[in-house]
Amino acid sequence: MRSARSGTAWFMRGSRLPGDTPAEDSRAHRYAAIVRLLLRHGRSDLVSGAGLDEYASEPAGDSQQTTDQAEAFAADLEAMGPTYIKLGQLLSTRFDLLPPAYTTALSRLQDENEPFPAREVHALIEAELGAEVRHLYADFDDVPVAAGSLGQVHRATLRNGREMAVKIQRPRAREDVREDMATLARLAALADKGTGVGRTYGFRRLLHEFERSLTLELDYRREARNLIRFGELTHRHDRLLVPEPVLELTTGRVLTMSYIHGRKVTDVGPLGLTDLDPGPIVEQLFRAYLRSILVEGFLHADPHPGNLLLTEDGRLAVLDLGMVTSVPPRLQDKVVRLLVAIGDDNGEQAARVLAEMGQPLDNYDPMAFRDDVSHLVSEAVAEGPELRVGGVLVELSRVSGTRGLRPPPEMSLVGKALLNLDRTTEHLDPGFAPAEAIRENVESILRGGLKTSPGDLITAALDAKEFTAHLPRRANRIMDSLADGELRIRVDALDEERLHTVLQRLANRLTLGVVIAATILGASLLTQVPTDHRVLGYPAVAIVLFAIAILGGVALVAWIVITDRKVARTELRDRRDVPRL
C-alpha cells in the first residue's frame, strides 16, 4: 500500500498558474492526473479526442497489455484517491470491456487508507447523532480496527453491554467524490463526442452507472437496510451470520452494527479448516446467494473472501453490504435459463439467451458469437465436477464484448459475485461442486420465481376487470366495421417515409445522369456539323456542351458523396441515441 500511495506525488505534480483560484487549481490537477494516467497506459487517443492536449506533459508510448502493466494501472488508480479506487473496483466487473489481466489486477484493489484523527471522529458522530460520544456509548475505542478510503471502523460498547462496530465516513468523502465525478463527467462527455472508443462504449452511460453505485454506497442508512434485508434472507440458515444494525445510532454517515469476532476466510489455512465441518457452511452459503440473486433479486456484488469471517462457533459471517444492486425479474429468469443451458451443455441455447439479454453494437457478429459461446460451454462442461459457474459467466461476458454484444451491467455483477463465491467455496471445501449445487437448487429457484405477491394479484385482477368491462363494446365495434366493409388492418412493415426519400433521391440521380448522357451524345453529334466558330478544331457549341456535361458529372458525384455521408452520420447518431441497457 505504501508503494502504491507514493505514486501520488508523481501523478499530482504540477505548478499553479498565476491568477488561478484554488477550485480552478484543483480541477486542473485532477485533469492533469487523468491525462497522465491515460498517456501512461496507452490511451492518447482519448486525450486528443477530448481536447485535453494542453494538460499532457509526457509523450505517449506504445504499451502492451501485460500483467505488470495491469498491476501498474491498478496501483495508479489507487494512488489517485477513493473515487478512482471505487471506479477500478467497478471496472473489475466489466469483463466485456477489459482484458483478463486488467480485471484481475483491479479486483485486488485494496480500499485502505491512513485513519483520520479521533477528534474528527468524535465531532462527526456528535454532529450526526446529536449527542456526545460518551453519552451514546458506554465505551468507545479511538483506535480504528480498519480504515478505508471512504470511512473507518471503531469498536464500541453499548450501555447494555453489547459490543458494536461503528463505521464513520471520512469528513470530506462526499465532497471529494462530488468533485471527482464532475471532472470525470466532463471528460466522459468529451470522449464520447470526440473519440471512436467513446462512441462505441458510451463513457457517459458507464459513468452514470458508477456514480449511482457510489452515491448509494456513501449512504450508510442504505447499508443498514441491506444488512436487515440480507439477515432476513439468511435467517433460516443456521451456519450464516449477518451483523445487526442499530437504527437509533445510524445516519447517512454513521453506521452502528453488532461486532463479530472471527478470522477472515483467507487467513484460515488447511490446518485450521480441519477443526471445522465446511460442507454445511459452503452449501448454505451457495444456496442462500442463489436464492437471494435469482428469486429475491438482491445481489451482494462483493462477496469476496475478505468480506467473510469464520467465527469461533463455526459460523460464517457476511460483512460489508455497501455494494448491493437489484436484479430485475426479467433478468432473473434469463440468468436461470442461462445456468440451465450451461448445465445441459447446450451452447446454442446459452447463445440465444445471452443475445436476448445483451445490446448489439455496430460490430456484432452473431455467427461468430454463437460459435464462441458453444465452444466455451462445451469446454466448461468437459471439466465435470470442477466446473466453476462463476468463471463461465465471466468468460461469457468477455466473449460478448469481443463479438460486439454489450451485456447488461447486472450480468457482469452476477458473474463476479458467483466467481467470488467459487473462490470462497474452493478455499473452504475443495470438493464442493457449484454446478451440481445449482442443478440441485434449480427446482426450488423456479418454484420461488413462480410465486405471486399480493400486489401482483391485485394488478392482474384490475387488468382483468378492465378487459372484461371494455370487451363487449370493442367486440361490437369490430363486428360493425366488418359488416359495413370498413374494417382495415394497418401493418407498419416498412419505414414509408424513408423509402419515399430513397426512391426520390434515386429518381433524381437517374434523371440527372440521363440528362448528362444526352448532353454528351448531343455534343458528339454536333462535332460533325460544319461551322466557322471552332475551339481546338471542334465546333464551339459541341465544346460548350462537353464542358457542361463534365461539370454536371462532377456535381453529380459530389452530391452523391456528400448526401450519402450525411445520411450515414444521421443513421449512426440515431442508433447511438437508442436507449441501451
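Reader: In what order do the 4 strands of the open sheet run?
Author: The order is 5-10-9-7, with mixed pairing. Strands are DSSP runs of E, at least two residues, and helices are runs of H or I, at least four, numbered from the N terminus. Two strands pair if DSSP finds at least two bridges between them.

Reader: Which strands stand at the edges?
Author: Strand 5 (240–241) and strand 7 (263–264). Each has a single partner strand, so one side of each is left without a neighbour in the sheet.

Reader: How do strand 9 and strand 10 pair?
Author: Antiparallel, over 3 bridges, residues 308–310 with 316–318. L308 has V318 as its bridge partner in strand 10.

Reader: What should I know about the model itself?
Author: This is a predicted model: local features need pLDDT of at least 70, side-chain atom pairs count only at pLDDT 80 or more, and totals for chains, interfaces and linings use all residues. Residues are numbered from 1 along each chain as its sequence is written, and side-chain values use heavy atoms, leaving out hydrogens and water.

Reader: Switching to helix 20. How many of its residues are buried?
Author: 17 of the 20, so helix 20 is largely enclosed by the rest of the structure. Buried means under 20% relative accessible area, with a 1.4 Å probe and protein chains only.

Notes: Buried < 20%, exposed > 50% of the residue type's maximum accessible area, 1.4 Å probe, protein only.
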